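Opening the notebook on this one. I want to jot down what I looked up, entry by entry.

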Amino acid sequence: GGWLLLQNCHLGLEFLSELMDTITTIESMSEDFRTWITTEAHPEFPINLLQSSIKYTNEPPQGVKAGLKRTYSAVTQDLLEVSKMPQWKPLLYAVAFLHSTVQERRKFGPLGWNIPYEFNQADFTASVQFIQNHLNDVDIKHGVNWSCVRYMLGEVQYGGRVTDDFDKALLNTYARVWFGEHMFSEKFCFYKDYVIPKGKTVEDYLQYIDQLPVIDTPEVFGLHPNADITYQTNLANETLSTIVSIQPKDSSSGGGQTREAVVQRLADEMLEKLPPDYNPHEVKVQLQKMGAIQPINIFLRQEIDRMQHVISRVRTTLTDLKLAIDGTIIMSEELQDAFDNMYDARIPKLWFRISWESTTLGFWFTELLERNQQFSSWLQDGRPNLFWMTGFFNPQGFLTAMRQETTRMNLAKGWALDSVVLHNEVTKMMKEDVVGPPPSDIGGVYIYGLYLEGAGWDRRNSKLIESPPKV
């Protein structure tokens, strides 16, 4: 009648089959017996054991209100009164607010953190313990050492998990703005209507937390209002994608045309428009004419090789898919995935792994044609005056090649690659106005295709401006 807890079972997958056999074949078992398993998601986890189990997940609560409520539900009255210092209770609430904030920013993806971090209850507990110890040792005459508090929170307790410099700067900004003598003034607030309550009991704090808004504006976390639109859009796309993926895979659609006929017609159209393969000999000859050892041409060769890989994979998949639909060959798992995704206008996983992101299959295939057009024109007609930078597989490699080329052109002036830095200037020209490369005394290249997220561009004054909130 006892309970058995097996932790981190993804590290011992061989034992799970034996466990399943033991549980299912045992002749007598107490009704009170339970087996608990903790595991990370793993593709080789035994599916029979997974399907026969009741699954639980422990996710952080959504929103500042829910996060604070969860935190203070675990705070005891003894913890609230552990220190007689007047700064203790406000600091405890401020750390709890910081804890909820750093967790809630994760839902905004790269807008929230450049790298997703697994902040958890241990970070909050360690921070609270540090604050408690610091107040116990504080000199009443000198007061709280705020530099120490900010450093411990921004660099050690929460910052210890952070590996990105910009994310570290963000954490230190929270610590600098929210933690100081100013936090005890009547005017202090994290954001309007988000203040530090004054209470004597845990119940007082919980009552205040219950009055907070259920839905938080992104500005509470220091984000632009448009960040919420991005989050809601991604959430809706993910939900709709899940709904589409679990739809019945019957053989006919609403219009009477079978799934096989729809996919076969689409495969025929894509094969008809698909560019021809690059001829390795012709590519070599053309590159030699342009200067095969020039950095920018070496970059072009690498891009063409990757584009050829994509074209070959697409052609092979479409050809095999048509044969599988006709029954000539067996429909493999990869072909089945391509079949289902093409019918749903999504990018097959086989193609996505070697290419680029796009919203739909149609946009993806159009971009394939446009990317290929840039490479083939560059190869046949010579170096273009204007480069579509977002159409490259490796834009950083393009910038590096351009730096190398510029450095070699200025070797007589004593330029060294390590000391050359990129300088960007946004011109007022439209794409159609570019009729030649930049002046030789300036060097560099003209590029287009970049876009801004969370900001606008003032063409007249050539400067960044605030992006108006979307509606």
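Entry one, the start of the chain. I'm working with a predicted model here. I checked the record for the stretch: an unreviewed UniProt entry annotates residues 1-57 as "domain: Dynein heavy chain region D6 P-loop".

Entry two, a helix pair. For H11 (residues 259-273) and H13 (residues 295-326) the angle is about 150°, and the axes are 10 Å apart. I noted the crossing of H11 and H13 as left-handed.

Which residues meet there? From H11 I listed Glu260, Val263, Gln264, Ala267, Asp268, Met270 and Leu271. Facing them from H13 are Arg315, Leu318, Thr319, Leu321, Lys322, Ile325 and Asp326. Sorted by class, the contact of H11 with H13 comes out as seven nonpolar, five charged and two polar residues.

I found Ala227 in helix H10, which spans residues 226-245. Is Ala227 buried or exposed? Its relative accessible area is 6%, and the cut-off for buried is under 20%, so I filed Ala227 as buried. Skipping neighbours within four places in sequence, I have Ala227 in contact with Phe108, Leu111 and Pro218. I also took a C-alpha distance from Ala227 to Thr427, 200 residues apart along the chain, and got 28 Å.

Technical notes: Residues numbered from 1 in each chain as written. Predicted model: local features only at pLDDT ≥ 70, side-chain atom pairs only at ≥ 80, totals over all residues. Heavy atoms only, no water. UniProt positions renumbered as here; feature names shortened; annotations may be inferred. Axes fitted to C-alpha atoms, helices over the stretch in contact; angles between N-to-C directions. Helix = DSSP H or I, 4+ residues; strand = E, 2+ residues; numbered from the N terminus. Left-handed = near helix turned anticlockwise from the far one by under 90°. Contact = heavy atoms within 4.5 Å. Nonpolar A, V, L, I, M, F, W, Y, C, P; charged D, E, K, R; others polar. Buried < 20%, exposed > 50% of the residue type's maximum accessible area, 1.4 Å probe, protein only.
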